[in-house]
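This report describes a single protein chain for a reader who is new to structural analysis. Please look at the sequence and the model before reading on.

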Amino acid sequence: MVEVDWTALPGRLVVLSGASGSGKSTLVRRLLEKAGPGVRRSVSATTRPPRPGETHGEDYYFLDPDAFEGLRGDLLESAEVHGFCYGTPAEPVRQALAKGVCIVLVIDVQGGLQVREKVPNALLIFIRTPSADVLERRLRARGTDDEATIARRLNNARREIEIARDYDVNLVNDDLETCVDELAATLEAHHCGG
């Protein structure tokens, strides 16, 4: 990866993390519906299979493990989460930030902390559910995971919530519309608007 002074770019890099089931993807989708062209979501690469309705190149770049490894040197961050590899291709992010665009990365806390090391002025936002019970209900309602996967996701959530203490902002996704409004206000307050 080419050495970049990320802090010198005019755009703003925002990391959005949260446990599986916290509503990150839905929040970002709703935020982007309200925001102008000055706010965009980065597309991550992953080795996990697509969920129903997900599209390659739009939701994720779905790659086999060998293709992911070939890309690893060009990633802004990468992490293994729930047994799959995830990472953010750096060059599209750099190009957008160079144009003054606010880029939102929807990534795991491991990746968020890697981004903080490379991009000290990145804004890190963690999305929480009101309680562990709500998180478990949301995971079960998705109907995409077996019991072992749900248990692993709940265990990982406890660890992620601990790490989230190092994030700049924590938002509770109790009511979707309220949380979308809070997220939009947070971005605006940090000079990241449409």
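Which residues does Val115 touch, not counting residues up to four places away in sequence? In this predicted model, the residues that Val115 touches are Leu13, Val15, Leu76, Glu77, Leu105, Ile107 and Ala122. Val115 is placed in helix H4. The relative accessibility of Val115 is 0%, and buried means under 20%, so Val115 counts as buried. A further distance concerns Leu27, which is 88 residues from Val115 along the chain; the C-alpha atoms of Val115 and Leu27 are separated by 21 Å.

**The chain as a whole**

The chain contains seven helices and nine strands. Along the principal axes, its C-alpha trace spans about 45 × 40 × 30 Å. For 194 residues, a compact globule would have a radius of gyration near 16 Å, and the value of 16 Å for the chain therefore agrees. Of these 194 residues, 46% count as buried. Among contacts with a separation of 6 or more, 70% join residues 24 or more positions apart.

**Helix H4 and helix H6**

Two packed helices are described by the angle between their axes and the distance between the axes. Helix H4 covers residues 109-118 and helix H6 covers residues 147-163; they pack at an angle of about 25°, with their axes 10 Å apart. Because angles under 35 degrees count as roughly parallel, H4 is roughly parallel to H6. On the H4 side, the residues that meet H6 are Val109, Gln110 and Leu113, and on the H6 side they are Arg159, Glu160 and Ile163. The residues of this contact divide into three nonpolar, one polar and two charged.

**Individual positions**

The table lists the relative accessibility of selected residues.

| Residue | Relative accessibility | Class |
|---|---|---|
| Gly57 | 30% | partly exposed |
| His191 | 71% | exposed |
| Pro10 | 60% | exposed |
| Ala189 | 55% | exposed |

Where does Gly57 lie? Gly57 is in the loop between strand E3 (44-46) and strand E4 (60-62). Gly57 and Ala45 are twelve residues apart in sequence, and the distance between them, C-alpha to C-alpha, is 8.7 Å.

Pro10 belongs to the segment before strand E1 (13-18). Not counting residues up to four places away in sequence, Pro10 touches Leu97, Ala98 and Gly100. Val169 is 159 residues from Pro10 along the chain, and the C-alpha atoms of Pro10 and Val169 are separated by 21 Å.

Ala189 is located in helix H7. Leu76 is 113 residues from Ala189 along the chain, with 25 Å between the C-alpha atoms of Ala189 and Leu76. Leu76 is also one of the residues that Val115 touches.

The segment after helix H7 (176-189) includes His191. Most residues other than glycine have a negative phi. The phi of His191, however, is near 60°, which is a positive value in a residue other than glycine. With a relative accessible area of 71%, and with exposed meaning over 50%, His191 therefore counts as exposed.

Definitions and conventions
Residues numbered from 1 in each chain as written. Predicted model: local features only at pLDDT ≥ 70, side-chain atom pairs only at ≥ 80, totals over all residues. Heavy atoms only, no water. Axes fitted to C-alpha atoms, helices over the stretch in contact; angles between N-to-C directions. Helix = DSSP H or I, 4+ residues; strand = E, 2+ residues; numbered from the N terminus. Parallel < 35°, antiparallel > 145°, perpendicular 65-115°, else oblique. Contact = heavy atoms within 4.5 Å. Nonpolar A, V, L, I, M, F, W, Y, C, P; charged D, E, K, R; others polar. Rg over C-alpha atoms; globule rule 2.2 N^0.38 Å. Buried < 20%, exposed > 50% of the residue type's maximum accessible area, 1.4 Å probe, protein only.
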